[in-house]
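Subject: Structure handover

Hello,

Please find the structure below, with the sequence. My notes on what was found in it follow.

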Amino acid sequence: MLCVGAGHMGRSHALAYHRIDGFEIVGICTRSSQSSSKLNRELGGGYAEFHDFATALQETKPDAVCISTWPDTHALYATAAIEAGCHVFVEKPLADSVAGAEQIIQRANASDRKVVVGYILRHHPSWTRFTEIAKTLGKPLVMRMNLNQSSSGAAWQTHKELMSTVSPIVDCGVHYVDVMCQMTGSRPVRVSGIGARLTDELPDGMVNYGQLQVTFADGSVGWYEAGWGPMMSETAFFIKDVVGPKGSVSIVAETAGSAGQSANVDAHTQTESLRLHHSQLDAEGNFAKHDELLRLEDELDHDALCQREQEYFLDAIRNDLDLTDHLDDALHSMRIVAAADESFRTGKKVELVQENSSNTVGAGS
């Protein structure tokens, strides 16, 4: 395994490879010697370090590559790794554009290599339960989600580097529209978006706040909001809420949603409990059932979730899992966030063209 990138996600994935029987790290590739050396020491030392991806790929000749770099490198690195005969794990978003995502998928299909995308919430027991309960609420669904981050210091610097290529709504939005697609099992048909540039510390044309709205073929609707920077409010920055005819279900993350936690990446996957509300009324017109607070006992920390992702990647390679749905779903979510960005820039809603005969998305694991 060649590990490319040693930031927050790259570190967690490297730790997983170091622990899982079946993976062997052959090298660490980063832009700076400081970050690769720091990760190397944490792993016990002794791994080869590289600062050029092409050189690392040629010299280590890995069976698999983990790409945890900036989104604008994903298509280039992933296709090069596939052409070198490697299986690929790539962090979300799959690429920084729909065309880049399509390129990766086409190369993977043509070469029969496995590509797994880092949709960490798909491996989270609490989010799986959240999604399953949402499916019992009837149709249509109203899905409300956000993750705003009041960042400063190193976190704000990281956000600014990310925004050299993608907006917050693209980078983070793919997670949550993927969840929406799983909840509805329906085809997204229409997207609109808004955005705002709240600082001049960004490249021309980039925004650090955005919201998307997506309509599905079954009448379900969802919105997702994301903003980054020191100006962002820490009030109501963590909303995960789904409403249907039969009631609603909400993630209640008292710790993760408290003041000072919005830029804590480890808190972003914390759930703590689910509140299930029933809409049924009795003969007097009062609620027939009390709300249920479902305490979640199987909460995993960030590194444990990353390990689950890599165990799935290993299983896909060893047992030749069919990843067609997995990659189709990644492409669907990329199309939705890209359409939101287009909508904001053009001031028009974007109608999504159906790409194949399937009427559903969100089926893959």
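The lining of the second largest pocket divides into ten nonpolar, three polar and seven charged residues. Please keep in mind while reading that this is a predicted model.

The second largest pocket

This pocket has a volume of about 300 Å³. Its lining is made of 20 residues, and V98, M334, R335, A338 and A339 are the ones nearest the centre. Two elements, α11 and β15 (350-351), each give two or more residues to that lining. The largest share comes from α11, with seven residues.

Helix packing: α5 with α11

Two packed helices are described by the angle between their axes and the distance between the axes. For α5 and α11, the angle is about 170° and the axes are 9 Å apart. An angle over 145 degrees counts as roughly antiparallel, and α5 and α11 are therefore roughly antiparallel to each other. On the α5 side, the contact is made by V98, A101, E102 and I105, and on the α11 side by L327, L331, M334, R335 and A338. By class, the residues of this contact are seven nonpolar, no polar and two charged.

Helix packing: α4 with α5

Helix α5 (residues 98-111) also packs with helix α4 (residues 74-83); the two axes come within 9 Å and cross at roughly 5°. How does one describe the direction of α4 relative to α5? Angles under 35 degrees count as roughly parallel, so α4 is roughly parallel to α5. From α4, the contact involves H74, A75, A78, T79, I82 and E83, and from α5 it involves G100, Q103, I104, R107, A108 and S111. The contact of α4 with α5 has five nonpolar, five polar and two charged residues.

Cavities

How many cavities of 30 Å³ or more does a search of the whole structure find? There are two. The second largest cavity holds about 70 Å³ of space. It is lined by 13 residues, and those nearest its centre are I169, I194, G195, V207 and G210. The elements that give two or more residues to this lining are α8, β8 (188-196), β9 (209-216) and α11 (324-346). The lining residues of the second largest cavity divide into seven nonpolar, five polar and one charged.

Two buried residues

Is S167 buried or exposed? S167 has a relative accessible area of 4%, and buried means under 20%, so S167 is buried. S167 lies in the loop between α7 (153-162) and α8 (168-171). Not counting residues up to four places away in sequence, S167 touches M206, V207 and D341. One of these, V207, is also among the residues nearest the centre of the second largest cavity.

V174 is found in helix α9 (residues 173-184). With a relative accessible area of 1%, V174 is buried too. Leaving aside neighbours within four places in sequence, V174 is in contact with K92, P93, Y119, I169, S333, M334 and V337. V174 and W70 are 104 residues apart in sequence, and 15 Å apart in space from C-alpha to C-alpha.

Backbone details

Two of the contacts of V174, K92 and P93, are joined by a cis peptide bond with omega near -10°. P93 is in the loop between β5 (87-91) and α5. A cis peptide bond also joins K139 and P140, where omega is about 0°. P140 is in the loop between α6 (125-134) and β7 (142-147).

Two residues other than glycine have a positive phi: D112, with phi near 60°, and A236, with phi of about 55°. D112 is in the loop between α5 and β6 (115-118). Is D112 buried or exposed? Its relative accessible area is 54%, and exposed means over 50%, so D112 is exposed. A236 lies in the loop between β10 (221-227) and β11 (238-244).

Regards

How values were computed
Residues numbered from 1 in each chain as written. Predicted model: local features only at pLDDT ≥ 70, side-chain atom pairs only at ≥ 80, totals over all residues. Heavy atoms only, no water. Helix = DSSP H or I, 4+ residues; strand = E, 2+ residues; numbered from the N terminus. Buried < 20%, exposed > 50% of the residue type's maximum accessible area, 1.4 Å probe, protein only. Contact = heavy atoms within 4.5 Å. Axes fitted to C-alpha atoms, helices over the stretch in contact; angles between N-to-C directions. Parallel < 35°, antiparallel > 145°, perpendicular 65-115°, else oblique. Nonpolar A, V, L, I, M, F, W, Y, C, P; charged D, E, K, R; others polar. 1 Å grid on protein atoms, 1.4 Å probe; cavity = no way out; pocket = protein on both sides within 12 Å on 5 of 7 lines; lining within 4 Å. Points joined across faces, edges and corners; volume = space filled by probe spheres on them.
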